Each structure stands twice: as C-alpha cells, then as structure tokens.
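Please open the structure in a viewer and keep the selection panel at hand.

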Amino acid sequence: MKKNAFNIFQITIVAVGLLSCTGSNLYKDLASNKSSDAALYEDAQKLIDSADYTGAINKILATTAGFQAEARVKESLAGAYAARCGMVFLTFVSNLTNGGSSSLFKIAMNGFVGVDASNYADCKTAETIIEGMGNALSRTSSQNFFMLFLELAKMGNRIRSVADITPTTTGDGVVDGAFNCRSSVPIADAKEIIDSFSKLIENLTALTAQGASVNGAGSISGIAATCGAACLNLVYSTPPVETDTPIILSRALLNSQAIGVGICNNADPTTCLCP
C-alpha cells in the first residue's frame, strides 16, 4: 500500500477522530449522501491509498469551497499532487537513502531515479497549496516537514531530468558523462533548482525554531552559511537571464562535487563557476 506524506502524518489524527465520532451516524451519513463533502473526502483517501492520485485530486476538487479551505483537506490535496509529481513518500525516502551519495544534489537526484520527472508542475501546485496556508514560521511542523521533502523532490526532479537521462530516460543514478552545468540546464531549470534550495533552507530554519530534529540539518546549514544571503535573497531579471546572480549560483552549485553533480572540487562550492 502506498502512502503520501500527509496521508502518513494524518493516520493517527484520523483514527482518533473516528473513534470520537458516533460511528453509526457517521456511516449512515456517508451511505445516504455519496456526493457529500465527507463522502468525497473519504473516497479521495481510499484513492490515495490505491495510488490513484488523479482520482483523489478530482474527488477533493469536487467538494465545496468551504470544505477545501480546511487545513486537513489542503494537506491531503497537496499530498496527492506531490505524489503525482513523483514524491510517493516511502518510495522517495527509500530512493534518497539508498543512493550512496554524500552530495546534497545527488541525494535529491537519487529520489527520482526510475521515476518519471514530467509531472513537475504538480510539485509546484503542492507547494503553492501549502504556502497559501502561511509562511514557514506560522505553519505546523508537519507542514514544514512535508515542505522540506517537497523541496528536495523539486530539486531532485529537475536535476535528474537534466543530469541523468541516459541510458534510460528515467535515469540510472549515475550523472551522464555528457552533462554540462550550462548547456544541459535551461535557465528555467537552473532557477527552479536554486529556488527550491532556498526554500529548503527556509523550511529547515523554521523546523529548527519549532524544536524539530532533522537528520542532515547540520550539513544543509553549513551549505547555507557558505552561500550566505545569496541563497536566500533571490532577485531575477524579467525574464531571468544567465547573468542573474541566482542563476550563476545555481550553476556553480550544480558544478561542484561537494554539493552538486559536477566535477569542480573547490573548497568553496559557490566559486565552481560553470564553464
């Protein structure tokens, strides 16, 4: 059985909620009105469990606007979009930890080895839903944990889609010999990678402030300290161009051995300027 991140986080909450209900009335309501918000949401949860993420999304979007405004519903909807993007939580985490790499970008890339990267827009939709619930410091720790993994997934999706596409289009976990941090990476993808990295730092900072313990937090914080304000204050031309500081930084990080997927071994990865 497959579960997305919010589905896992919510199991205990949902179980307690059901035990506190007057069960016979709950089941009667669901049976008598299969188009009610509660029934549609119940159907969506079952579809998520069976990995029918499109079906789940459609069920949730068929509920009323007021129901969709509830935090738990937004979380489920974001989880379904993230899973359709390729962030099926347990599989994604397993891929992250089984890649045998210490480079943050390679770890993220490994999360999408063997996974179709074409549904990236769904990851963006999931991000928009959670960001619409408030900034990182005002969100719950479970929402920020979800966003932490989502930003890793977004990075991994874009990196794998440009750096590991041979001999199979879904990658084999090895950076392609022909990969170049400039010619292989469109400006739009370079922007998405550094944007996601910046938001990864933002959510990690919020989780730390909330007293959460995150494995690997020290390494990410060390990278953030190296980047300094450049990793957080991202300013682009309209449209973004190669000479924008975030684009240069994104390509440098991609080109580094310590953080990225490239061959530059400079002590400061931000100086691994893309040739």
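The model shown here is predicted. Begin by selecting Phe 105. Setting aside residues up to four places away in sequence, Phe 105 touches Met 155, Ile 159, Ile 193, Phe 197, Leu 253, Leu 254, Ile 259, Gly 260 and Val 261.

Next, select Lys 154 and Glu 127. Their side chains form a salt bridge in which the closest N and O atoms are 2.6 Å apart. Are the two partners buried or exposed? Lys 154 counts as buried, at 1% relative accessibility. Glu 127 is likewise classed as buried, its relative accessibility being 3%.

Now extend the selection to Glu 131, Glu 151 and Lys 199. Together with Glu 127 and Lys 154, these residues are linked in a network of salt bridges. In the whole structure, a search finds 12 salt bridges.

**Arg 251 and its surroundings**

Move to Arg 251, which lies in helix H13. Its relative accessibility is 1%, so Arg 251 counts as buried under the 20% cut-off. What do the polar atoms of its side chain meet? One of them lies 2.7 Å from the backbone oxygen of Cys 181.

With neighbours within four places in sequence left aside, Arg 251 is in contact with Cys 181, Arg 182, Val 185, Pro 186, Ile 187, Ala 190, Glu 242, Cys 272 and Cys 274.

Two of these contacts, Arg 182 and Glu 242, deserve a selection of their own. Glu 242 forms a salt bridge with Arg 182, and the closest N and O atoms are 3.3 Å apart. Glu 242 is in the loop between helix H12 (217-227) and helix H13 (245-255), while Arg 182 is in the loop between H10 and helix H11 (187-209), so the pair ties together parts that are 60 residues apart in sequence. Glu 242 counts as partly exposed at 28% relative accessibility, and Arg 182 counts as partly exposed at 34%.

**Two cis peptide bonds**

Remain in the loop between H12 and H13, where Pro 239 is found. Select Thr 238 together with Pro 239: a cis peptide bond joins them, with omega about -5 degrees.

Then select Thr 166 and Pro 167. The peptide bond from Thr 166 to Pro 167 is cis, and its omega is near 0 degrees. Pro 167 lies in the loop between H10 and H11.

Turn to Val 115, in the loop between helix H8 (104-110) and H9. With a relative accessibility of 16%, Val 115 counts as buried. Which residues does Val 115 contact, leaving aside its neighbours within four places in sequence? They are Gly 86, Asn 95, Arg 160 and Thr 170.

Draw a distance line from the C-alpha of Val 115 to the C-alpha of Phe 92. The two residues are 23 residues apart in sequence, and their C-alpha atoms are 9.2 Å apart in space.

**Final stops**

Select Arg 72 and Glu 70, whose side chains meet in a salt bridge of 2.9 Å, N to O. Arg 72 is partly exposed, with a relative accessible area of 40%. Glu 70 also counts as partly exposed, at 32% relative accessibility.

Finally, select Ala 51, which is found in the loop between helix H3 (37-49) and helix H4 (53-61). Ala 51 has a positive phi of about 70 degrees, although it is not a glycine. With a relative accessible area of 29%, Ala 51 is partly exposed.

Note on methods. Residues numbered from 1 in each chain as written. Predicted model: local features only at pLDDT ≥ 70, side-chain atom pairs only at ≥ 80, totals over all residues. Heavy atoms only, no water. Salt bridge = Lys/Arg side-chain N within 4 Å of Asp/Glu carboxyl O. Buried < 20%, exposed > 50% of the residue type's maximum accessible area, 1.4 Å probe, protein only. Helix = DSSP H or I, 4+ residues; strand = E, 2+ residues; numbered from the N terminus. Contact = heavy atoms within 4.5 Å. Polar contact = N/O pair within 3.5 Å; in protein donor to acceptor, adjacent residues only side chain to side chain.
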